[in-house]
Amino acid sequence: MSEAPQRSVLVRARVATALLFLLFGITLGVWTARIPAIKRELSLDDGALSVALLAFAAGAITGMQATGRLVDRFGSRRVMLPVAFAEGLVLIPPAYAPNLVTLAVALFLFGAVHGTLNIAMNANAIDVQRAWQRPIMSSFHAVYSIGGFIGASAGGLFAHSGAGPRTTFTAVGGTMVAFAAWSAWWALPGSPASTTSPGSPVSAAPATGRVRGVLFLGVLVCCALVGEGAAADWSAVYLRDDLHSSAGFAAAAFAAFSVAMTVTRLVGDRLTARFGPVLLVRASGLLAAGGLGGALLIGAPAAGVAGFACLGAGMALIAPQVYSAAGDRNPEAAGRALARVVGLGYLGFLLGPVLIGAASRVVGLPGALAIPVVLSLFVAATATALRPRPRRPEPADLTAAPS
């Protein structure tokens with residue numbers, strides 16, 4: 001294959017994978033924005049809504065863990081594309097659920113597809129990055145962040161216009177299916193996993209030491225996502241109740257966190273190429289800990305907004321670096337590695353806010369928010385776990401026919 005066509009294939013593959021990250025963010029953003037409408041239509045109290053949301057989380061974790069072996073056996077593309085089509089379709093049923101039980105079932109299915117797509121698209125992003133031969137993982141996660149903003153904004157616009165969840169999810173779901181079709185046309189044709197026979201030695205289960213190393217990477221991303229969950233659930237509460245700011249200014253804390261995270265991810269690939277994953281993650285952990293820790297010590301609303309902005313900038317690049325490291329440890333088992341790492345990270349995102357809430361009853365919310373500060377310092381101290389390990393080069397097969 002000549003250099004020009006090869007470059008064209010790579011560019012198209014990168015765009016296709018980025019579209020799926022965008023889809024992933026949009027669907028979650030739209031769903032989140034319309035949760036209040038679903039709650040109101042079904043007359044759910046907070047406890048009942050929590051049960052439904054727990055079903056989504058359970059489905060996501062189940063999907064993540066079931067996907068790893070499929071990705072390793074069939075390749076990321078063959079798993080990713082049908083699930084991408086399904087992502088737009090399974091967004092719709094929750095809007096038609098007549099009661100809590102059917103809503104929980106619909107959300108479990110939505111969560112399972114969402115979790116499956118999470119693993120498959122990250123595995124495909126690693127395939128594309130390996131073929132690209134330079135860091136591009138952060139750009140995919142930046143697109144996901146942008147997609148979340150677009151989805152939440154779209155959901156808000158539908159709500160403002162008086163459209164119900166059924167209209168919202170049907171319109172957005174149809175658009176997502178169209179995006180998935182575009183991605184299917186352009187996606188990377190093959191991957192190392194899909195060209196390895198299941199019975200060959202390299203496709204066997206990874207050694208115990210390698211599994212432990214992957215699990216430790218999962219611990220690192222879990223620590224990082226505790227901070228992300230804390231910002232989402234507690235930043236506005238901290239500014240409003242503890243620092244006595246206005247409701248509008250309190251909301252600026254999470255907005256600053258989100259903007260800082262997105263902007264940092266947009267420049268993250270250049271930073272990775274220049275400084276490498278170890279130094280970058282160490283600096284990220286120190287920035288997150290120093291920014292939020294300093295804000296907690298100052299105890300002023302403006303400092304709080306700045307502190308959560310530093311937390312967002314610090315957290316932005318940790319997950320992309322950890323996912324890349326996990327996928328590169330053993331390319332033939334990248335799906336299983338990502339399933340472990342992303343699953344642990346998701347647990348941190350879910351359980352972190354609960355842990356902070358429980359701790360706040362004992363030491364107060366400012367003291368409890370020191371938890372992500374300590375965990376960020378732990379990530380910085382153990383960033384050497386991301387140091388690349390020598391392996392035989394196995395470039396992606398760019399000439400394989402699309403399956």
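## Basis and confidence

Residues are numbered from 1 along each chain as its sequence is written, and side-chain values use heavy atoms, with hydrogens and water left out. As the model is predicted, local features need pLDDT of at least 70 and side-chain atom pairs count only at pLDDT 80 or more, while totals for chains, interfaces and linings use all residues.

The mean pLDDT of the protein chain (pLDDT being the predictor's confidence in each residue, from 0 to 100) is 87, and 90% of the residues reach 70 or more. Confidence is lowest in helix α1 (residues 3-41), with a mean of 87, and highest in helix α13 (residues 370-381), at 97; helices here are DSSP runs of H or I with at least four residues, numbered from the N terminus. Over residues 191-206 the pLDDT is below 50, and this stretch has 31 contacts in the model beyond near neighbours in sequence, a contact meaning heavy atoms within 4.5 Å. Residues 393-403 also have pLDDT under 50, with 24 contacts beyond four places in sequence. Where pLDDT is low, the predicted coordinates should not be read in detail.

## Salt bridges

Side chains of opposite charge can pair when their charged atoms come close. Four salt bridges are found in a search of the whole structure, each defined as a side-chain nitrogen of Lys or Arg within 4 Å of a carboxyl oxygen of Asp or Glu. In one of them, aspartate 72 pairs with arginine 336, with the closest N and O atoms 2.7 Å apart. Because aspartate 72 lies in helix α2 (residues 46-74) and arginine 336 in helix α12 (residues 334-368), the pair ties together parts that are 264 residues apart in sequence. Aspartate 72 and arginine 336 are both buried, where buried means under 20% relative accessible area, exposed over 50%, and partly exposed in between (1.4 Å probe, protein chains only).

Aspartate 127 forms a salt bridge with arginine 130, the closest N and O atoms being 3.5 Å apart. These two residues are three apart in helix α5 (residues 100-132), and are therefore separated by about one helical turn. Salt bridges that share partners join Asp127, Arg130 and Asp328 into one network. Aspartate 127 is buried at 7% relative accessible area, and arginine 130 is buried at 12%. In a further salt bridge, between aspartate 46 and lysine 39, the closest N and O atoms are 2.4 Å apart; here aspartate 46 is exposed at 54%, whereas lysine 39 is partly exposed at 25%.

## The largest pocket

The largest pocket has a volume of about 1,900 Å³ and is lined by 50 residues, of which Leu28, Thr32, Tyr144, Ala232 and Phe349 lie nearest its centre. On a 1 Å grid over the protein atoms alone, a cavity is a set of points where a 1.4 Å probe fits but cannot get out, and a pocket is an open set with protein on both sides within 12 Å along at least five of seven lines; lining residues have an atom within 4 Å of a point. Grid points are joined across faces, edges and corners, and the volume is the space filled by probe spheres set on the points.

Among the helices that each supply at least two lining residues are α1, α2, α5 and α12. The lining divides into 33 nonpolar, 14 polar and three charged residues, with Ala, Val, Leu, Ile, Met, Phe, Trp, Tyr, Cys and Pro counted as nonpolar, Asp, Glu, Lys and Arg as charged, and the others, Gly among them, as polar.

## Two loop residues

Serine 43, in the loop between α1 and α2, has a positive phi of about 55° although it is not a glycine, and is exposed at 65% relative accessible area. Histidine 244, in the loop between α8 and α9, has a positive phi near 60° and is exposed at 65%.
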